[in-house]
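The entries below follow the order in which I went through them.

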Amino acid sequence: MSKNRLIGLLAATVLLAGGAACSADEPSSGKTYTIGVANFLLSGPYFSGMDAAITAQAKTKSTGDLTVKTISTDANGDAAKLAADVEDLLSKNVDAIIISGGPLESAPAALNAIKAAGKPVVLVDRKFATGEYTSWIGPDNEAIGKQDGEFLVTRLGGKGKVAIIKGGPADNSIGLARTNGLKSSLSKAPGITIVEAPGFGGWSSDGALTIMENLLATNPDLSAVFCENDAMCLGAQRAVQTAGKSAQIVFAGVDGQLEALQAILAGGNYVVTGLNSPKVIGSLALDRTVEILGGATVEKDTVVPSPQITKDNAAQYIDPK
């Protein structure tokens with residue numbers, strides 16, 4: 001074998017070995033997206049369900065040449081902690097961030113940090129009052145309130161006293177939209193009067209139970225109760241049952257929480273809710289984020305339909321899992 005031929009073979013072998021090493025350590029094909037999920041709080045079933053849906057959808061996206069990973073954080077209801085969580089996610093060099101803001105009205109520090117880093121941000125459920133974002137996916141809360149109100153007008157025959165239990169605080173735009181939608185429908189029935197609970201239920205079952213007890217003490221003639229979410233309605237329902245007024249008072253809520261759907265299907269005094277599915281919104285948000293990272297042009301704002309749920313159709317919205 002000539003010297004030149006030997007050198008050529010050795011060179012070819014080195015190139016092949018180098019190519020194999022690159023293939024093993026750093027695949028030349030395929031992409032990995034790491035998406036940060038900054039949650040304002042995960043203490044409620046709605047928000048924990050949103051986070052779980054985002055994580056589950058990421059796994060379904062991890063096929064073929066694409067791998068999608070998520071990193072979730074929980075600020076435990078602290079705006080400063082949310083901003084710190086976003087900074088931490090950015091330090092991990094995530095490709096994009098999804099923010100589940102819960103009852104938070106604005107998050108300027110978090111959005112400013114994401115903008116400075118040049119990363120896309122997708123908001124779910126909550127659209128902040130200020131700040132720049134790439135895309136938002138959520139419900140039309142006023143429309144949900146309107147359809148609950150329309151249902152109650154028909155159910156009550158256009159007359160009766162309807163109580164409203166708010167989640168709070170006073171400037172919560174999601175709760176305000178739901179209540180304003182309800183009022184716009186109830187106002188069309190002159191025979192219906194509205195009583196607003198003086199305090200806030202804190203979006204929780206236990207909080208609304210106390211509010212309901214106080215309402216019953218001052219308004220024993222109530223015909224219906226609207227709560228700005230299902231969790232509060234479930235607590236208020238317990239108070240009404242304890243007071244022996246389940247046959248007198250019906251409930252209307254928002255979200256489509258499993259326990260509420262089961263109560264509606266059972267045919268008791270929980271009669272209607274409006275679907276605001278964390279599973280649907282979370283899944284769509286993950287899909288939207290992947291589309292953005294892939295270079296697609298997407299909608300700025302996407303309203304997710306919120307069908308009315310009554311005893312007639314509750315079964316189809318109950319996930320056996």
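I call a residue buried under 20% relative accessible area, exposed over 50% and partly exposed in between, with a 1.4 Å probe and protein chains only. The model is predicted, so I use local features only at pLDDT of at least 70 and side-chain atom pairs only at pLDDT 80 or more, while totals for chains, interfaces and linings use all residues. Residues are numbered from 1 along each chain as its sequence is written, and side-chain values use heavy atoms, with hydrogens and water left out.

I searched the whole structure for aromatic pairs and found 2. Rings of Phe, Tyr and Trp (its six-membered ring) pair if their centres lie within 6.5 Å; planes under 30 degrees apart count as stacked, over 60 as edge-to-face and the rest as tilted. The rings of Y46 and F47 are edge-to-face, because their centres are 5.3 Å apart and their planes stand at 85 degrees. Y46 and F47 are both buried. For F251 and Y270 the centres are 6.5 Å apart and the planes are at 40 degrees, so I noted this pair as tilted. F251 belongs to strand β9 (residues 250-255) and Y270 to strand β10 (residues 270-275), so the pair ties together parts 19 residues apart in sequence. F251 and Y270 are both buried as well. Helices (H or I, at least four residues) and strands (E, at least two) are DSSP runs, numbered from the N terminus.

I then looked for charges over rings, meaning NZ of Lys or CZ of Arg within 6 Å of the ring centre and within 35 degrees of the ring normal. K127 has its charged end over the ring of W136, 4.4 Å from the centre. K300 has its charged end over the ring of Y133, at 4.2 Å from the centre.

Two strands pair if DSSP finds at least two bridges between them. I traced an open sheet of 6 strands with parallel pairing, in the order β2-β1-β3-β4-β5-β11. β2 (66-74) and β11 (301-304) are the edge strands with a single partner each, so one side of each has no neighbour in the sheet. From one strand to the next the twist averages 20 degrees. Axes are lines fitted to C-alpha atoms, for helices over the stretch in contact, and angles run from 0 to 180 degrees between N-to-C directions. Strand β5 (residues 135-139) is joined to β11 by 4 bridges, and G138 stands opposite V303 there. Contact means heavy atoms within 4.5 Å. Helix α2 (residues 45-61) lies across β1 (31-39), β2, β3 (96-100) and β4 (121-124), and runs at about 165 degrees to β2.

**Mixed sheet.** Another open sheet of 6 strands reads β7-β6-β8-β9-β10-β12, with mixed pairing. Its edges are β7 and β12 (308-309), each with a single partner strand, so one side of each is left without a neighbour in the sheet. I counted 7 bridges between β6 and β7, in the parallel sense; K166 faces F200 in β7. β10 and β12 pair in the antiparallel sense over 2 bridges, and T273 stands opposite I309 in β12. Of the 8 residues of β6, 6 are buried.

α5 lies across β6, β7, β8, β9, β10 and β12, at about 160 degrees to β10. Q147 is in α5 and is buried at 16% relative accessible area. Beyond its neighbours within four places in sequence, Q147 is in contact with G274, S306, P307 and Q308.

For α6 (residues 173-186) I compared spans: 14 residues at 1.5 Å a residue should span 20 Å, and the end C-alpha atoms are 20 Å apart, which agrees. The expected span is 1.5 Å times one less than the number of residues. Buried residues in α6 include I174, G175 and L186.

Most residues other than glycine have a negative phi, and most peptide bonds are trans. The bond from G168 to P169 is cis, with omega near -10 degrees; P169 sits in the loop between β6 and α6. N76 has a positive phi of about 55 degrees and is exposed at 61% relative accessibility. N93 has phi near 60 degrees and is exposed too, at 53%.
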